[in-house]
Amino acid sequence: MKTLPALWGNGSGFPKMDKKCETNVLILGKTGVGKTSLFNYIFGADLLKTGAGRPVTGMGLFEETVALNENLTLHLYDSWGLEADKSQTWKSLINEALEEHNVREIKEWFHTIIYCLSAKSARVEAFDLEMIRTLAKDGNPVMVVLTHCDVMNVKSSITAMREVLCAQGNVTQQDIVEVSSHSKTLLGGKQTRPFGKEKIIHRIKVNLLGSISSKMPQLLENFGSKKIEKWHKNCSEIVEKNVRLLNPSSVKKEEKRNELFDLYAQDIFKEIESESDALFNEAYDYYNVFSDQFLGYSIIQVRKQEKLSKITHFQMKKSAKITAAVAGTIFICIPVVGLLGKYAIRERIRAYYKEGLGHNRELLYHHLEICVQILTKELNHINDELMQDEQ
């Protein structure tokens, strides 16, 4: 692991953070587009050496861990050999890496994905567009960095490349950043300065929060759906197992089953609420620690008190309807003699339980929908503030 001298966070005169933060950056591009120079420019020191200790051929993503300060660690994933004649193999490798990082914990995501194109090439190839679209799946934030933008006579090329990226790569103008990673001395002695770093840093923060806003509600929905379906499956199996042919109905057993189902449903209800709170708090905490460490300040002030409010209107309806229906069935079926009558009673009871469980499953999904809506609203509220700051 490399360690950067005190240029970041508390080394820049900002308050020392109590929490540690890790961030993952995926940077891709063809050979010669200036990935290493870009990384070294963004982070303020010669952390990486072009080709140092690495083979010049091969395929794959490779991790470099860099301690930017004692509280902020960066994991850089880059590649070499990204060429159009092996596009399908590269696409498969990239998809595999994206899947590995597409998990619940924010710290495991790719927080920034940078795709580098050289302005000197004056074009965007179909291969580049395909890779960009692949990277952007599942709500991943992708920034296209145009390198070598200090070269003479590239203005018209940059304009044309921007148009293609927006129209065919689904990249926004804001996520296309023009960069020069080096200072140069021109003929006549004029000194140029590198540019683009501040814009990149800003887009990293914007895209991180945008990614959180889109992924967190989906994570909650997936979590809740699995819990609800497991609840319904388990309760249905209890009915199938316990409402037997020779003993289709017992008021005492039915009351116990109803109580069990209702308490079980209330547990699912609480788990969804708890997960919703946990996701919001994780998003809030991660973004603030990340943002404070990244150049030592947050772009916006997020209001901690705007946590998810508790939902109290939801109440599981007891299975009184099933009780009454079962009692009616027993009364009607008393004259029926033999296994056929008992079979009819059992199937009738199971049918009513199926109806009751289905009703309660709908209530749980309704509750999940409300929680997803609230989480989305709160995260979008923070995101809107950031967008206003950018404008």
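Which residue follows α4, and what is its phi? Asn170 follows α4, with a positive phi near 55°. The model is predicted: local features need pLDDT of at least 70, side-chain atom pairs count only at pLDDT 80 or more, and totals for chains, interfaces and linings use all residues. Residues are numbered from 1 along each chain as its sequence is written, and side-chain values use heavy atoms, with hydrogens and water left out.

Helix α4 spans residues 155-169. Helices (H or I, at least four residues) and strands (E, at least two) are DSSP runs, numbered from the N terminus. The buried residues of α4 are Ser157, Ile158, Met161, Arg162, Leu165 and Gly169. They lie on the same side of α4, because they cover an arc of only 140° around the axis; the arc is that of the directions from the helix axis to the C-beta atoms. Ser156, Glu163 and Ala167 are exposed on the other side. Buried means under 20% relative accessible area, exposed over 50%, partly exposed in between (1.4 Å probe, protein chains only).

The structure holds two aromatic pairs. Rings of Phe, Tyr and Trp (its six-membered ring) pair if their centres lie within 6.5 Å; planes under 30 degrees apart count as stacked, over 60 as edge-to-face and the rest as tilted. The rings of Tyr77 and Phe110 are edge-to-face, because their centres are 5.3 Å apart and their planes are at 80°. Tyr77 lies in strand β4 and Phe110 in the loop between α2 and β5, so this pair ties together parts 33 residues apart in sequence. Tyr286 and Phe290 are stacked, at 6.0 Å centre to centre and 20° between the planes.

Terms used
The expected span of a helix is 1.5 Å times one less than its number of residues.
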